[in-house]
Amino acid sequence: MNNTLPASFTHGSANERYVVAAERVFDGTRVLEQHAVAVSGDRIAAVAPVDRLRGTGRLIRFAGTLLPGFIDLHAHLLFDQTPQETILRHGLTTVRDTGGPLVPPSGGDGRLRVLGAGPILTAPGGYPIPVFGGHDIACEVPDVQTARAAVGQHVAGGAVLIKVALEPGGSPGAPWTGGHQPTYPPPWPIPSLEVLRAIVDEAHTNGLIVSCHLSGPEGATLALEAGIDEWAHVPCDPIPHDLVARAAAAGVRVVSTLDTQSHCTGVANNARQLVEAGILLLYGTDLAHTDVPWGIDAQELLLMLHAAHGALTPLDVLSAATARAGEHLGLAPLGQLVEGAPADFIGVRGNPLERFKLLEYPDLVVSGGVTIVAPVEH
Ligand SMILES: [Zn+2]
Ligand SMILES: [Zn+2]
């Protein structure tokens, strides 16, 4: 297939129907050989063998693999003001901001889809204040009453989750301490169990999950006792097996962030234990942290694969950044290439199941049916 028509992508009108035929389509859960994706306006109209979609819209051939736009579940692009256009051009079509200024959901229409947590709820003087200051990133909640009120304000401002910090400090190799000189040394205060339970209760009443920043056993224990839904990181410090087993039994969801934590002492073994216990990691990078690319992070995907020691396939790992991430956001079929899903997709030349690195510079990026990166003829 070498009759790619780049102009078809760039000059299409917003509501037209077109069909992109590819060598293979990864739909978020499986690989379909010689399939095509039909797009109508901002939605996927159909995914089927090429022959079945011939004549249903302008046909464009793409010599490579189509995939859903990727979803990063852990980022701080708003606080760091990372350029959203750059992120989108590098394959992420949805990013969940897990700590930063409070904004309502936006994008998904040719712009990066951004969903946010708003400022991180923390104890007075708690993390992230000693590292990143308090403005636009932290919200101090000294007691149950202020905690409930803060959750209410976050909900009213458009937060899609509530983030809390359970960080006493001192984890060797943690990216939030390396390179940042804290304004005062650990130990840093952590919200009480009573305050955390109030946050979880108030968030759940409003239909939101609670995610926590944590780095070790102290945070993990508190998170389990408070009923927190998600760990925003695989912990940096070694976690005892009984805590891993309790997390699995409680159905805790865990976001990876393995790349940015690659200097942590416990992260690789924790990841292996979590996967062995049946917790499928979700893809997140802590985008905006040092050493994390502004787009899909192939190193993160590789580390997720290696941490599983053969228990996961490359396809499982790509699902963690697409279909399973969309489900985790409660926005399925976002993250899938199926009828009715948002027309957020990317294309790479070659097979990304064999080479994750291809994903870092996609040849095609479409957001809400709008072409952001058009393939060039080779
Ligand atoms: Zn964190
Ligand atoms: Zn973070």
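This report walks through a zinc site and the cysteines of a predicted model.

## The zinc site

Let's start with the metal. Three residues hold the zinc ion (ligand 2): His74 and His76, each through NE2, and Asp286 through OD, at 2.0 to 2.3 Å. Along the sequence, these donors follow the pattern H-x1-H-x209-D. His74 sits in strand E6 (residues 70-75), while Asp286 lies in the loop between helix H10 (267-276) and helix H11 (298-307), so the pair links distant parts of the chain, 212 residues apart. Both His74 and Asp286 are buried.

This zinc ion (ligand 2) also has a metal neighbour: the zinc ion (ligand 1) is 3.4 Å away.

## The disulfide

The model has one disulfide. It joins Cys236 and Cys264, with 2.1 Å between their sulfur atoms. The link is left-handed, at -100° about the S-S bond. Here too, distant parts of the chain are linked: Cys236 is in the loop between strand E13 (230-231) and helix H9 (241-250), and Cys264 is in the loop between strand E14 (253-254) and H10, 28 residues apart.

Cys236 has 0% relative accessibility and counts as buried. Cys264 is buried as well, with a relative accessible area of 8%.

Cys139 is buried, with a relative accessible area of 17%.

Cys212 is in no disulfide either, and its nearest cysteine sulfur, that of Cys236, is 14 Å away. Cys212 is buried, at a relative accessible area of 0%.

Note on methods
Residues numbered from 1 in each chain as written. Chains lettered and ligands numbered in written order. Predicted model: local features only at pLDDT ≥ 70, side-chain atom pairs only at ≥ 80, totals over all residues. Heavy atoms only, no water. Donors = N, O, S within 2.8 Å, 3.2 Å for Na, K, Ca; no water. Helix = DSSP H or I, 4+ residues; strand = E, 2+ residues; numbered from the N terminus. Buried < 20%, exposed > 50% of the residue type's maximum accessible area, 1.4 Å probe, protein only. Disulfide = S-S within 2.5 Å.
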